[in-house]
Amino acid sequence: MSTHLFETIIVGPIHSRRLGTSLGINLLPRRGKICSFDCIYCECGWNKEHKTDKQIPTEKDIREQLTKRAQELVKEGVKVDSITFSGNGEPTLHPEFPQIIDTVIKIRNEYLPTAKISVLTNSSMLWKEGVREALMKIDNPILKIDSTIEHFVRCINRPNERYSLSETIESLKKVNGNFILQTMFLKGQAEDPLTGETVDLDCTDKKHVAGWIELVRTLKPRQIMMYTLDRDTPLQGLKKVTVEEMKEIAQPLLKEGFKITVNGTPFPKERE
Ligand code: SF4
């Protein structure tokens, strides 16, 4: 297994399957990981492997480094499609997250006015009004829910004790569909952290799919990003769900007019 960490505050631009040319912002430590989840598929690895560095950048660090990088990119004539908050963990855990969003909007407007601002979040901090409001100011709030089944969430996302799936869904209702839902589809076996039992996980399972479709109908996100494993995962033995399987799951939603991408490609217009 070789999971990886972002080693700088500003990353790239890199090419993203889902967002195009993406300039990353890592609000988490450079040699550590801080997250309210500990997903079995996390590209950064397990939380416990990355406890050494707890230092997070300040709003001033972000302002200075993003301004400098944006000025360089303007000079080089590089077009940025998205300024993307992702990095080594959960960006909305940063205590200055709302202020940092305002700062990044200002810098974007000044130097990279055509770039969208995107935040990839596990939705665990949506109960905080300040976080919700900040996410509503940006172009692409990409909010994760991987399952509506409690034990699937426990086994796949391994959230901390503060997390409540029902509270998160209630918070998601408050954003009135003005968000992009991201959901991971995988198969495999994982330990249930509550019972210690090994659980079979299959995101194509009828009950899982029915719950997820019902959630989509309730929340009405403006876009849905379905995706599967792409890189090495901390838990070994996980398997991808195929593009065909995801398309089949998406069919009823497609007929209802939802805008869907599968592994970053619009469905149904994707080229095989
Ligand atoms: S929410 Fe994202 S950063 Fe956190 S553990 Fe899961 S995949 Fe990793």
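Select phenylalanine 258 to begin; its place is in the loop between helix 7 and strand 11, where helices (H or I, at least four residues) and strands (E, at least two) are DSSP runs numbered from the N terminus. The model is a predicted one, in which local features need pLDDT of at least 70, side-chain atom pairs count only at pLDDT 80 or more, and totals for chains, interfaces and linings use all residues. Residues are numbered from 1 along each chain as its sequence is written.

Now display the surroundings of phenylalanine 258. Its contacts, leaving aside residues up to four places away in sequence, are Val216, Ile224 and Leu253; two residues are in contact if their C-beta atoms, placed from the backbone, lie within 7 Å. Valine 216 is 42 residues from phenylalanine 258 along the chain, and their C-alpha atoms are separated by 8.9 Å. Phenylalanine 258 counts as partly exposed because it has 18 C-beta neighbours inside 10 Å. A residue is buried if 20 or more other C-beta atoms lie within 10 Å of its own, exposed if 12 or fewer, and partly exposed in between, with C-beta atoms placed from the backbone.

Select helix 7 (residues 243-255) next.

Continue to strand 3 (residues 82-85) and strand 4 (residues 116-121), which run parallel and are joined by four bridges. Isoleucine 83 is to be found opposite isoleucine 117 of strand 4. Strand 4 is largely enclosed by the rest of the structure, because five of its six residues are buried. To reach strand 4 from strand 3, the chain passes through helix 2 (residues 97-111) in a right-handed β-α-β crossover. A crossover is right-handed if, with the strands pointing away from the viewer, the path from the first strand over the helix to the second runs clockwise.

Strand 5 (residues 140-144) is the next selection. How many of its five residues are buried? Five of the five are buried, and strand 5 is mostly covered. Asn140, Ile142 and Lys144 lie on one side and Pro141 and Leu143 on the other, all of them buried. In a regular strand the side chains alternate between the two faces of the sheet.

Strands 4 and 5 run parallel, with four bridges between them. The chain passes from strand 4 to strand 5 through helix 3 (residues 129-136), again by a right-handed β-α-β crossover.

Two bridges connect strand 7 (residues 186-191) with strand 10, and lysine 187 stands opposite lysine 239.

Several backbone features can be selected next. Most residues other than glycine have a negative phi, and most peptide bonds are trans. Serine 123, in the loop between strand 4 and helix 3, has a phi near 75°, and it is buried, with 28 other C-beta atoms within 10 Å. Asparagine 176, in the loop between helix 5 (165-173) and strand 6, has a phi of about 50°, and it is exposed, with 11 other C-beta atoms within 10 Å. The peptide bond from glycine 12 to proline 13 is cis, with omega near 20°; proline 13 lies in strand 1. Another cis bond joins phenylalanine 267 to proline 268, with omega about 20°.

Finally, select the ligand. Cys35, Phe37, Asp38, Cys39, Cys42, Cys44, Gly89, Glu90 and Asn122 surround it, each with its C-beta atom, placed from the backbone, within 6 Å. This shell divides into five nonpolar, two polar and two charged residues. Ala, Val, Leu, Ile, Met, Phe, Trp, Tyr, Cys and Pro count as nonpolar, Asp, Glu, Lys and Arg as charged, and the others, Gly among them, as polar.

Key: Two strands pair if DSSP finds at least two bridges between them.
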